[in-house]
Structures are given as C-alpha cells and as structure tokens.
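Subject: Structure for you to look at

Hello,

Here is the structure I said I would pass on. Please open it alongside this email, and then read on for what was found in it.

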Amino acid sequence: MRAAAALGSILDSIAVTEAAVRDRFPLYAEPGTGEWTTTRRGSWVAGFWVGQLSLRARLTRDARHREVSEEWTRRLSPAAAADTVTRGLTLWYGAAAGHRLGVSESGHQLVCQGAEQLATTFDAEAGILPWGTAFNDPAEPVIARVDGLAGTIPLLAWTGAGAVAERHLATHLQVCSGPAELIPALSFAHGRWEPRAEPAAGWSRGEAWLLLALADAGLWLDAEYSRRAVELLSEWPWPPVTVPAAVRGEPLVLDTSAASIMAVALCKLGCADRASELVEVLVGEHLSTGESPGRLVNGCYDLSRGLATRHELVWGDFFLMLALAILSGEVDPAEL
C-alpha cells in the first residue's frame with residue numbers, strides 16, 4: 001500500500017487548506033477547484049479539522065505544528081456546552097486528540113468539562129443522550145440518531161461515565177436494528193420509538209458510524225461489542241455499498257467519507273486486511289493528484305438535499321488520514 005506517499009500528499013493538502021480557510025473551520029470543498037465552504041464555529045465537524053492538525057503534529061514532530069494544534073483546540077471551547085450529542089465527535093476527535101496523541105495539553109480540561117455536561121443530558125425514560133437542539137431540532141420528541149454514537153462512547157468511557165455510554169449504546173442497538181436494514185434516526189414519544197424521515201434508511205454513513213461506535217465500545221467498555229461489530233459486518237455486502245461503485249460494478253452514489261470511517265473501525269477491530277482494501281481503493285481512485293494532491297473527493301454530504309454530493313468532506317479527510325496513520329504504525333488504534 002502507498003501509505004507513506006498518501007500521508008505525505010495529505011499533509012501537503014492540510015497546509016493548503018490551512019492557508020485557504022484561515023480562522024474558519026472547513027466543511028466541504030468543491031471537487032474541481034478545491035474551494036472550501038467554511039463555518040465560523042465549526043458546526044458538528046469542527047473536531048475533524050482540529051484532529052487533522054493534531055495528527056499532522058504527531059506525524060511531523062514539528063514544534064510549529066504543535067502550536068497550531070494547540071491554537072485550534074482552544075477554539076473548540078463552545079462545543080463543551082453545545083446542546084448536541086455530536087459534541088462527542090467534536091471533543092473526542094478534536095479536543096482529546098491532541099492530548100491522546102501526545103502533542104497537546106490544552107484540550108484535556110475542555111474534554112472533561114464537556115463530557116460531564118454531556119452525561120447530565122441522559123434521558124432515563126428514552127434511555128439515550130438526546131440528539132439536542134443545537135441544529136434547530138426540537139427538544140421534544142426525543143431524537144436518537146446513529147451518528148450520535150461515534151466519539152461519544154470513548155469520550156464518556158475515558159472520562160469515567162462508561163455506564164452512561166453503555167446505556168446510550170444499548171438503546172441504539174435495540175431501536176436502530178430494523179428487520180431488514182439499519183434505521184438511522186428515530187423519535188421517542190409516548191413510550192414508543194418511531195423512524196424519522198431524515199436521515200432515511202439506506203443513508204450512506206449509518207452503518208459506518210455504528211461500526212465505529214461498536215469498535216470503540218469493544219476497546220473501552222466490553223470486548224463483546226467488538227464481536228457484535230464483526231457479526232454485523234458479516235451481514236453487510238462486502239465491499240460495503242459506500243465504497244466506490246467501481247469496486248462492485250454497480251451504479252451507486254458514492255460516499256468515500258463513509259468508507260474512510262469504516263476503514264478506521266476495521267483497524268480498531270483488528271481487521272487490518274479489510275481496512276487496507278478500503279484504503280487502497282480510496283487512495284488509488286479518489287485521492288486527488290496533480291496540482292492539488294491529497295484531497296479525498298467523491299464524498300456525499302447530504303444526497304436528499306443535493307448538498308455537496310461529490311465533494312471533499314473534512315471528516316472524510318480526517319478518517320482517511322487516521323486509517324493511514326494506523327495502518328502505517330504511526331498511531332495505535334486505541335489512541336483515538
């Protein structure tokens with residue numbers, strides 16, 4: 001595998017992105033021009049940009065890169081109090097990343113503060129940490145989404161709230177496992193769970209987020225969750241439908257960001273051969289070369305809205321970089 005060369009081109013791409021976005025958080029970039037759509041506070045993706053900067057500092061051992069990681073980590077402070085379970089993603093892959101990778105200390109207090117506040121939102125009747133209102137969703141009915149698992153499980157376990165993490169995960173496993181396919185989002189009202197329209201069944205990242213959460217649960221809570229993840233994996237098509245269509249010969253809508261999430265989950269599950277297979281496809285067919293190398297394109301942000309459907313996505317970049325770092329031996333799967 002061309003891991004070293006791919007990591008090198010991704011590091012070069014991070015420098016280009018850094019210069020382009022300046023003091024804003026990157027969200028997604030045009031596949032042709034590489035022009036980024038950015039956000040001031042980072043939305044739910046802020047941690048992935050900070051995580052990339054922390055990974056860069058770990059890989060390069062450059063003092064300046066450590067300083068940049070520290071600067072951006074401090075900018076994640078609003079995430080600690082944001083009313084959304086996705087603060088688990090932001091705090092784990094962003095604020096905790098620098099500390100656990102040994103390149104930053106500034107995020108540790110923020111992580112502990114945010115995890116404590118997140119744990120207090122647990123809804124005992126629904127049995128979950130609610131999705132929250134930060135993205136204009138209603139407080140009632142209580143919403144469960146499978147993307148509210150990743151990051152949250154290791155974050156809570158690491159900070160001493162493993163019991164909450166386990167109950168949160170157990171409820172999702174119970175209600176999201178439909179008879180034919182994963183139900184990625186549900187509402188709880190009057191003692192009943194009902195599927196939500198968005199994201200709908202068949203959502204490209206649903207299985208990937210669940211597999212990653214189970215892989216982390218296997219590392220942080222109980223090895224039984226890893227066995228559950230491997231069982232689920234055996235029930236899904238391989239390569240998964242989120243892998244480029246060229247692999248399966250089917251005219252599917254691509255989402256390389258889902259494949260990169262899946263690759264990290266496989267690394268954590270000890271399935272290095274399968275992870276390498278996915279990464280080889282991503283690097284060989286969907287990592288840009290030429291004048292602007294190192295950009296993972298063909299990610300699909302939101303197909304239902306026609307939003308950024310063939311684009312470079314900041315979380316896709318992050319998870320591909322993390323998978324490459326793990327497969328090349330630079331990062332231990334349990335670190336992040």
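Strands here are DSSP runs of type E with at least two residues, numbered from the N terminus. By that definition T39 lies in strand 2, which covers residues 36–39. Please keep in mind that this is a predicted model.

T39 counts as buried because its relative accessibility is 16%, and buried means under 20%. T39 and L27 are 12 residues apart in sequence, and their C-alpha atoms are 6.8 Å apart in space.

Next, the aromatic rings. A pair of aromatic rings is described by the distance of the centres and the angle of the planes. The count for this model comes to 17 aromatic pairs. One of them is formed by F25 and W72, with 5.0 Å from centre to centre and 80° between the planes, which is edge-to-face. F25 belongs to strand 1 (residues 25–29) and W72 to helix 3 (residues 63–74), so this pair ties together parts that are 47 residues apart in sequence. F25 and W72 are both buried.

Another pair is Y28 with Y301. The ring centres are 5.8 Å apart and the planes stand at 75°, so this pair is edge-to-face. Y28 is in strand 1, while Y301 is in the loop between helix 12 (272–286) and strand 6 (312–313); the pair links distant parts of the chain, 273 residues apart. Y28 is buried, at 13% relative accessibility, and Y301 is buried as well, with a relative accessible area of 14%. Y28 and Y301 also belong to one aromatic cluster, together with W44, F48, Y93, W209, W315, F318 and F319.

Two arginines lie over ring faces. R75 lies over the face of W72, 4.5 Å from the ring centre. R145 lies over the face of W203, at 5.9 Å from the ring centre.

Then there is the empty space inside. Rolling a probe the size of a water molecule over the atoms shows where empty space is left. How many cavities of 30 Å³ or more does the structure hold? There are 2.

The largest cavity contains about 70 Å³ of space. Its lining is made up of I10, S13, I14, T17, P26, W36, W49, Q52, G294, E312, V314 and D317. At least two lining residues come from each of helix 1 (3–21), helix 2 (46–60) and helix 13 (314–327). Which helix gives the most to this lining? Helix 1 does, with 4 residues. By class, the lining of the largest cavity has 6 nonpolar, 4 polar and 2 charged residues.

The second largest cavity holds about 40 Å³. Around this cavity are E181, L182, P184, A200, A201, G202, W203, G206 and E207. Its lining divides into 5 nonpolar, 2 polar and 2 charged residues.

Is K268 buried or exposed? K268 is buried, because its relative accessible area is 7%, and the cut-off for buried is under 20%. The side chain of K268 is joined to that of D216 by a polar contact of 3.0 Å.

Regards

Technical notes: Residues are numbered from 1 along each chain as its sequence is written. Side-chain values use heavy atoms; hydrogens and water are left out. Rings of Phe, Tyr and Trp (its six-membered ring) pair if their centres lie within 6.5 Å; planes under 30 degrees apart count as stacked, over 60 as edge-to-face and the rest as tilted. Buried means under 20% relative accessible area, exposed over 50%, partly exposed in between (1.4 Å probe, protein chains only). A charge sits over a ring if NZ of Lys or CZ of Arg is within 6 Å of the ring centre and within 35 degrees of the ring normal. On a 1 Å grid over the protein atoms alone, a cavity is a set of points where a 1.4 Å probe fits but cannot get out, and a pocket is an open set with protein on both sides within 12 Å along at least five of seven lines; lining residues have an atom within 4 Å of a point. Grid points are joined across faces, edges and corners, and a volume is the space filled by probe spheres set on the points. Ala, Val, Leu, Ile, Met, Phe, Trp, Tyr, Cys and Pro count as nonpolar, Asp, Glu, Lys and Arg as charged, and the others, Gly among them, as polar. A polar contact is a pair of N or O atoms within 3.5 Å; within protein, one must be able to donate a hydrogen and the other to accept it, and residues adjacent in sequence count only if both atoms are side-chain atoms.
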